[in-house]
Amino acid sequence: MKLRPKFYIGDVLILLISILFILFTFKSFWHFEAGSIVQVNFQGKVYGNFSLFQNKKINLTGKEGESVIEIREGRARFVTSPCKNQYCVQQGWIHYAGQMLICIPNEVSVEILDKTKAYDSLNY
Amino acid sequence: MHFIKFFLTSILLCLIQSCSNSSLYQSKNYVFGTIVDISIYGEDQKKAKDATNDVLNEFTRLNNSLHAWKKSTLTELNENIRQGKPSTHTNIELIHIIEDAKSLEKKSHHLFNPAIGELIDYWGFHQDEFISMHPNPSNIQKLVETRPSLDAIHISSSTISSNNRHVKIDLGGYAKGYALDQARKILDQHQIKNALINIGGNITAIGQHGKQPWRIGIQDPRATHAIAKLDLPDGWAIGTSGDYQRYFIDNGIRYCHIINPETGYPVQGVYSVTVLIEPAKNAGVLSDVLSKPLFIASPNDRQAIARSLDIKHYFIIEDKHILMTKTMSDKIQFLHPDTKKNNQIEITP
């Protein structure tokens with residue numbers, strides 16, 4: 001007797017669905033490490049999301065002049081800022097999810113993102 | 001075949017679920033000299049964007065009308081007061097705001113005093129970016145002795161006059177809260193059911209964030225992270241007065257922007273005061289205004305002030321000391337175990 005392998009459409013579907021399912025679960029359950037992304041906001045818009053695990057400098061020229069943001073070893077900070085008070089620079093490095101640096105005069109904010117953020121918005 | 005159907009349906013459900021999770025519209029803008037942060041949940045992007053734009057336009061209008069030092073309806077009024085002239089045909093909104101601020105000033109035993117613009121200006125806080133200065137005690141004494149108060153303001157129909165030329169109205173402790181209440185009305189007209197509006201730290205919640213209430217972090221006044229979090233249910237508002245946002249340091253002394261109208265000096269020793277306000281038509285205004293009297297009052301007077309202003313939930317941070325009401329302590333959760341170790345935590349009834 002010869003056993004011919006039969007390949008039904010159902011088999012294809014099961015394979016396809018399984019692959020989709022795996023991709024989907026990866027996408028929805030694969031969390032980043034706490035605080036691995038930094039979001040830079042500039043003039044009311046998201047300027048970009050950057051991985052914290054890189055060494056990078058971001059230069060933004062706003063109304064007041066040039067703000068320089070540095071990302072290094074999982075942290076972010078303002079290196080220089082054109083504002084008078086320099087609060088944003090003085091605050092130094094941030095690295096926990098939800099931490100935020102704001103330079104209001106030059107309209108730049110830097111926020112560490114995390115999927116499991118402890119809160120939606122900050123009261124200050 | 002049943003198996004496949006089941007599989008397909010469950011995947012479809014998962015996808016729908018993941019779509020609804022991501023329907024959070026967020027915008028960050030700069031109005032009132034600070035960040036305005038609006039989150040809208042569960043609406044399509046277009047609708048959320050339209051509603052947000054209307055809210056931002058309203059904020060810009062209010063900022064242009066109520067600004068304390070750039071030319072605005074309010075600065076025109078202040079200029080008339082300085083010259084001893086009555087202001088006629090004042091717009092009805094500004095009249096309502098001044099009447100409301102006047103009654104809040106009275107209720108707070110003049111600790112919330114929006115008439116001390118000359119003092120605030122003297123300390124250099126009427127600038128976007130102020131510079132540190134050396135205070136001169138005799139100048140300050142002179143300004144305090146002019147006794148500015150909204151009590152001096154008289155309103156008859158659309159005419160505003162003052163019998164004290166040293167009244168300079170500054171709504172810095174009112175306008176953002178008023179804007180929150182306006183935002184709530186606008187979002188309601190747009191039939192937005194879930195939103196969170198944050199104007200420079202003053203926040204109000206509409207509905208909730210999916211199945212959970214909106215969650216708020218409270219800033220640690222001496223660090224770059226939140227010290228605690230709490231749920232902000234529908235209609236509630238929260239506001240903080242702090243010495244860490246607008247301040248300068250002169251000779252090692254920190255001078256913050258909140259000035260005690262009785263002494264003429266910035267309040268010292270209090271890091272931050274947070275008030276949580278129950279749902280009310282003017283919850284936004286109350287969340288902005290009511291933190292000020294508590295910030296300024298001497299520690300012994302706090303309980304009496306809170307009682308007379310009906311502040312049920314407050315949270316005060318000082319050096320190694322945290323004071324809060326029992327109702328507040330039931331609602332907040334500290335985010336770092338060290339906070340309880342490093343601070344004496346006092347709970348009042």
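**View 1. The whole model and its confidence scores.** The prediction scores ipTM 0.75 and pTM 0.78. Chain B has an average pLDDT of 91, and 94% of the residues in chain B score at least 70. Where pLDDT is low, the predicted coordinates should not be read in detail.

**View 2. Overview of chain A.** Chain A contains 2 helices and 8 strands. Along the sequence these elements follow the pattern α-β-β-β-β-β-α-β-β-β. Of the 124 residues in chain A, 30% are buried. Considering contacts in chain A between residues at least 6 apart in sequence, 32% join residues at least 24 apart.

View 3. Strand S3 (residues 56-61) of chain A runs antiparallel to S4(A), and 6 bridges join them. In this pair, A:Lys56 stands opposite A:Ile71 of S4(A). The two strands form a hairpin with 4 residues between them. In that turn, A:Gly65 has a positive phi of about 145°. On to the next strand: S4(A) and strand S5 (residues 75-80) of chain A are also antiparallel, with 5 bridges. Here A:Arg72 stands opposite A:Arg75 in S5(A). The hairpin of S4(A) and S5(A) has 2 residues between the strands, and A:Glu73 takes a positive phi near 50°.

**View 4. The two faces of strand S4 of chain A.** Which residues of strand S4 (residues 66-72) of chain A lie on the covered face, and which on the uncovered one? The covered face consists of A:Ser67, A:Ile69 and A:Ile71. The uncovered face holds A:Glu66, A:Val68, A:Glu70 and A:Arg72.

**View 5. Helix H2 of chain B.** Helix H2 (residues 45-66) of chain B has 22 residues, which at 1.5 Å a residue should span 32 Å. The buried residues of H2(B) are B:Ala48, B:Ala51, B:Thr52, B:Val55, B:Phe59, B:Leu62 and B:Leu66. Seen down the axis of H2(B), these buried residues fall within an arc of 100°, and therefore they line one face of the helix. An α-helix has 3.6 residues a turn, so residues three or four places apart point the same way. On the face of H2(B) turned away from the buried side are the exposed residues B:Lys46 and B:Asn57. The buried residues of H2(B) are covered by elements of chain B including strand S1 (24-31), strand S2 (34-41), helix H3 (73-83) and helix H7 (175-189).

**View 6. The contact between the chains.** Chain B gives 38 residues to the contact, and chain A gives 30 residues. On chain B, at least two residues each come from helix H1 (2-21), S1, S2, strand S5 (195-199), S7, S8 and strand S9 (237-242). The residues on this side of chain B divide into 16 nonpolar, 16 polar and 6 charged.

View 7. S8(A) pairs with S7(B) in the parallel sense, over 3 bridges. There, A:Ser121 stands opposite B:Ile216 in S7(B). Strand S7 (residues 214-219) and strand S8 (residues 226-232) of chain B run antiparallel and are joined by 6 bridges. B:Ile218 has B:Ala228 in S8(B) as its bridge partner.

Methods. Residues are numbered from 1 along each chain as its sequence is written. Chains are lettered from A and ligands numbered from 1 in the order in which they are written. This is a predicted model: local features need pLDDT of at least 70, side-chain atom pairs count only at pLDDT 80 or more; totals for chains, interfaces and linings use all residues. The expected span of a helix is 1.5 Å times one less than its number of residues. A residue is buried if 20 or more other C-beta atoms lie within 10 Å of its own, exposed if 12 or fewer, and partly exposed in between; C-beta atoms are placed from the backbone. The arc is that of the directions from the helix axis to the C-beta atoms. Two residues are in contact if their C-beta atoms, placed from the backbone, lie within 7 Å. Two strands pair if DSSP finds at least two bridges between them. pLDDT is the predictor's confidence in each residue, from 0 to 100. Ala, Val, Leu, Ile, Met, Phe, Trp, Tyr, Cys and Pro count as nonpolar, Asp, Glu, Lys and Arg as charged, and the others, Gly among them, as polar.
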